[in-house]
Amino acid sequence: METSFEIFNATSYYDAGELLDNSSINENLVKRFECKEEINSTGLFDFIIYGVLINLVSIFGIFGNAISMIILSRPQMKSSINYLLIGLARCDTVLIISSVLIYGLPAIYGYTGLLFNYKFIIYPKIVRFLYPLSCMAQIATVYLTLTVTLERYIAVCHPLKARSFCTYGRAQLAVLVIVIFTFIYNLPKFWEVEVYPETHWKYKVTIYCLRPADLRNSNLYVTLYVHWMYFFICYLFPFLALVIFNAAIYRRVRKANRDLQQLSRHQRREIGLATMLLCVVIVFLICNILPLASNIHETSFVTDPPLWLVETGNLLVTINSSINFIIYVIFGRKFKRIFLKLFCSSNLFGPGRDSPEFQTYDESIVTNMTNLEPRNSIRNYHLNRSSTIRNNNVPNGSTRRSLKISGRPASPGPCVYYPARSPVRSPSQMSRTSSGQNGWSKKDMDSVL
């Protein structure tokens, strides 16, 4: 999310005491301010962007990320890249929830008058912690996206090094380092805002309001930490790295598509995964263009950017955190197959033979079962035929003794699977039939096996 939250927008605050001292201002004008901010100054625009769009996108994003984490956590999906994508989905979920609590719910009161208690009692007490948490989630999302790109760059452009670098343990270490870094970097944000009480002009009850703390009012702190460090760490460095690595991946993918017939199955899978993650990065860059422009405006002109730029940028950041699930379903063949079997089949509440838990490879187990019965019938046919030939070469007493030991009744000859209701034939008739009269030639049997 943007660092220029509306809670820090000092230009929108007014001192009610100063308004009271000015006799030329009507007393009723003072009643139009809550927490020193004009009532409904941007109520409709806030309600459309925050109260409607962000809340709707966030509901979809939470469910989409939850499904992504469930599918990527399956045993057959265990890999270094999928562990990074699980961490990305977790950070996206935290960012979405923070967006709803910071923007979505308070905007409903600004236009409809609902959620008064949340706006003036709950929200001021939790935003001091939600704001740093959302900043941590945002920066973690940026660097997890960069880590995913770096992993794909090594796997596609330097496949010989992928076995040693792209491991599950290194992915866990990378996620841990990113989480620790984002926590330390955003630690000062816990002291950027403070809460103060105020009596509501209409309901005559005590409400709680927000204002920038002394740390946030420091020009040195705002210039160095809020503007320039945020610009370099959250935008300039990761964006340049993403462009460079993805340009190299794109060139490799284009070359691989031209030589597709010469690639192994593993190489094709790596190229397909790189293409999917290339789309993830492209969407990430597009959705962060407006927040980048807002930060550049604030850094260059040392003034608050336009309100529509900040709010639209926050909406795009929320969309970016909610849309990865759609990309996985469209471009991830294995992801889509597991999703359909988990959530769009009759085995939703219990694993069956078609459950993804029983599949380790890309081929479906249902396909492997289609020729099982004919295959077993042919095998039984050969075994019974060999047994019949051996029995014809020994005395009758030995044959009866052998059948008694096997526990099976004597039979004039073996039974073939096709046709199912064929009459009983002698061994000589069966031998002639097997040569082609019943449709089971040697060529046909080889094709079934």
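User: What length does helix 7 reach from its first C-alpha to its last?

Analyst: This is a predicted model, in which local features need pLDDT of at least 70, side-chain atom pairs count only at pLDDT 80 or more, and totals for chains, interfaces and linings use all residues. Residues are numbered from 1 along each chain as its sequence is written, and side-chain values use heavy atoms, with hydrogens and water left out. Helix 7 covers residues 168-185, which is 18 residues; helices (H or I, at least four residues) and strands (E, at least two) are DSSP runs numbered from the N terminus. The expected span, 1.5 Å times one less than the number of residues, is 26 Å for helix 7, and the end-to-end reach is close to it, at 26 Å.

User: Why do the buried residues of helix 7 line one face of the helix?

Analyst: Buried means under 20% relative accessible area, exposed over 50% and partly exposed in between (1.4 Å probe, protein chains only). In helix 7 the buried residues are Ala171, Ala174, Val175, Ile178, Thr182 and Tyr185. An α-helix has 3.6 residues a turn, so residues three or four places apart point the same way. Seen down the axis of helix 7, with directions taken from the axis to the C-beta atoms, the buried residues line one face because they fall within an arc of 110°.

User: Which exposed residues does helix 7 carry on the face turned away from its buried side, and which helices do its buried residues pack against?

Analyst: The face turned away from the buried side carries the exposed residues Leu173 and Ile184. Contact here means heavy atoms within 4.5 Å. The buried residues of helix 7 pack against helix 4 (80-112), helix 5 (116-157) and helix 8 (219-258).

User: Is Asn82 buried or exposed, and which residues does Asn82 touch?

Analyst: Asn82 has its place in helix 4. With a relative accessible area of 10%, Asn82 is buried. Not counting residues up to four places away in sequence, Asn82 touches Leu72 and Met77.

User: How are the planes of Tyr185 and Tyr225 arranged, and what is the angle between them?

Analyst: The whole structure holds 25 aromatic pairs; rings of Phe, Tyr and Trp (its six-membered ring) pair if their centres lie within 6.5 Å, with planes under 30 degrees apart counted as stacked, over 60 as edge-to-face and the rest as tilted. One of the pairs joins Tyr185 and Tyr225, 5.2 Å centre to centre. This pair links distant parts of the chain, with Tyr185 in helix 7 and Tyr225 in helix 8, 40 residues apart. Tyr185 is buried at 9%, Tyr225 is buried at 9%, and their pair is tilted, with 35° between the planes.

User: How many residues apart in sequence are the parts that the pair of Phe239 and Phe284 ties together?

Analyst: Phe239 and Phe284 form a tilted pair, 5.8 Å centre to centre with 55° between the planes. Phe239 is buried, with a relative accessible area of 12%, and Phe284 is buried at 3%. Phe239 lies in helix 8 and Phe284 in helix 9 (residues 265-287), so the pair ties together parts that in sequence are apart by 45 residues.

User: Which ring lies under the charged end of Lys125?

Analyst: A charge sits over a ring if NZ of Lys or CZ of Arg is within 6 Å of the ring centre and within 35 degrees of the ring normal. Lys78 lies over the face of Tyr168, at 4.9 Å from the ring centre. The charged end of Lys125 sits 4.8 Å from the centre of its ring, that of Tyr208.
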